[in-house]
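Work through these exercises with the model open. Try each task before reading its solution.

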Amino acid sequence: LLPQFQSLLLVYSEIQLLPGLVLGGCMCQGIYPFLLDFLVYLREALPDLYIPKEAPAFEALGAALWAMENQAQPFTSLDAIFTDQRAGLATLPPLSACQDMVDYKHQERGLAQQGDRVILGLDVGSTTTKGVLMRRSDKAIVAAEYLRTNGDPIGASKEVYQSLADQIKQGVTIEGLGVTGSGRQIAGLHALTDGVINEIVAHATAAVHFDPEVDTIFEIGGQDAKYTYITNGVPSDYAMNEACSAGTGSFLEEAAKESLGLDVTEIGDTAFRATAPPNFSDQCAAFIGSDIKRSSGKRAVRRHRGRAGLLHRHEL
């Protein structure tokens, strides 16, 4: 955050330095103590900076001032504010009705044997890091791990290596290491491997392995979502949302946790119970978040419906 504001202030300093006013919830130092250093920097960079004591609640203060000068509904009781009614959102067919349209692919699993020749595959993503040991003779997975990256691709890679080693009870020979994901360059450099492969190629190779006729891939990543078109088993076109978080795994997890109090591992099972998921039609993550809060605030909309609506937006 600090480097971004440093760059911004540098641009403004070259134009004209004006008195500044800092507002918003970020000024709640009890909630965001890490911003103390940022505020110190701002005060040094902007001598005329003013942070009013009401800064954390300026929006609420503005709403109250507006209500004083405009006609507003009088407050009588909470029952008069919160009413039972349907959320003003269209609904979608239940996700459970589409389960027969999904074919889940599973790679054969096996036990490592003494002398097995294996390949190590590592996917260092923005949110999670995955690793497998695949036996060359029959392509069976003899060890696998899936864990959080936690902003440390090297540390996560080491954890995966250790977990894979702990799962192998027999002596095996690792003959190659392939690395993909957003952290592939640094993880590949750390592992001293030339097998650094971008996600588009990795996805296409795995998809064609399971279905040689596949021609379209949609991948929901931690911080981006990708579309890939395959021609004759080779990716020939792709697109990704690089700027917006809508439609990504991190947004799905954050929205479910923040708005619905749901852990990411619980989303699927509970969403399948919904019979009328609301249609969050907006494409923007911010507006979808508003829709979620609006629908969950209506007593007639149960939480599992909101979860299913969230999944519907990611499927579309």
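**Exercise 1. Which residues form a nonpolar patch on the surface, and with about how much accessible area together?**

Solution. This is a predicted model, where local features need pLDDT of at least 70, side-chain atom pairs count only at pLDDT 80 or more, and totals for chains, interfaces and linings use all residues. Residues are numbered from 1 along each chain as its sequence is written, and side-chain values use heavy atoms, leaving out hydrogens and water.

- Step 1. Find Met 101, Val 102, Tyr 104 and Phe 272; they make up the patch. (Patch members have over 30% relative accessible area and no salt bridge; nonpolar side chains, meaning Val, Leu, Ile, Met, Phe, Trp or Tyr, are joined within 5 Å. A salt bridge puts a side-chain nitrogen of Lys or Arg within 4 Å of a carboxyl oxygen of Asp or Glu.)
- Step 2. Read off the area: about 460 Å² together. (Areas follow the Shrake-Rupley method with a 1.4 Å probe; for residues, only the protein chains shown count as cover.)

**Exercise 2. Classify Val 102 and Leu 89 by accessibility.**

Solution. The scale: buried is under 20% relative accessible area, exposed is over 50%, and partly exposed is in between (1.4 Å probe, protein chains only).

- Step 1. (Helices, H or I with at least four residues, and strands, E with at least two, are DSSP runs numbered from the N terminus.)
- Step 2. Val 102 has 43% relative accessibility, so it counts as partly exposed.
- Step 3. Leu 89 lies in the loop between H4 and E1. Its relative accessible area is 17%, so Leu 89 is buried.
- Step 4. Look across from Leu 89 to Pro 277: 188 residues apart in sequence, 9.4 Å apart in space, C-alpha to C-alpha.

**Exercise 3. Describe the sheet built from E5, E6 and E7.**

Solution. 

- Step 1. The sheet is open, ordered E5-E6-E7, with antiparallel pairing. (Strands pair if DSSP finds at least two bridges between them.)
- Step 2. Strand E5 (216–220) and strand E7 (234–240) are the edges; each pairs on one side only.
- Step 3. The twist averages 20° from one strand to the next. (Axes are lines fitted to C-alpha atoms, for helices over the stretch in contact; angles run from 0 to 180 degrees between N-to-C directions.)
- Step 4. E5 and strand E6 (residues 225–231) share five bridges. Thr 216 stands opposite Tyr 229 in E6.
- Step 5. Helix H7 (residues 199–210) packs on the sheet and touches E5, E6 and E7. Its direction makes about 55° with that of E6. (Contact means heavy atoms within 4.5 Å.)

Key: Patches are made of residues with over 30% relative accessible area and no salt bridge: like charges are joined within 9 Å, nonpolar side chains (Val, Leu, Ile, Met, Phe, Trp, Tyr) within 5 Å.
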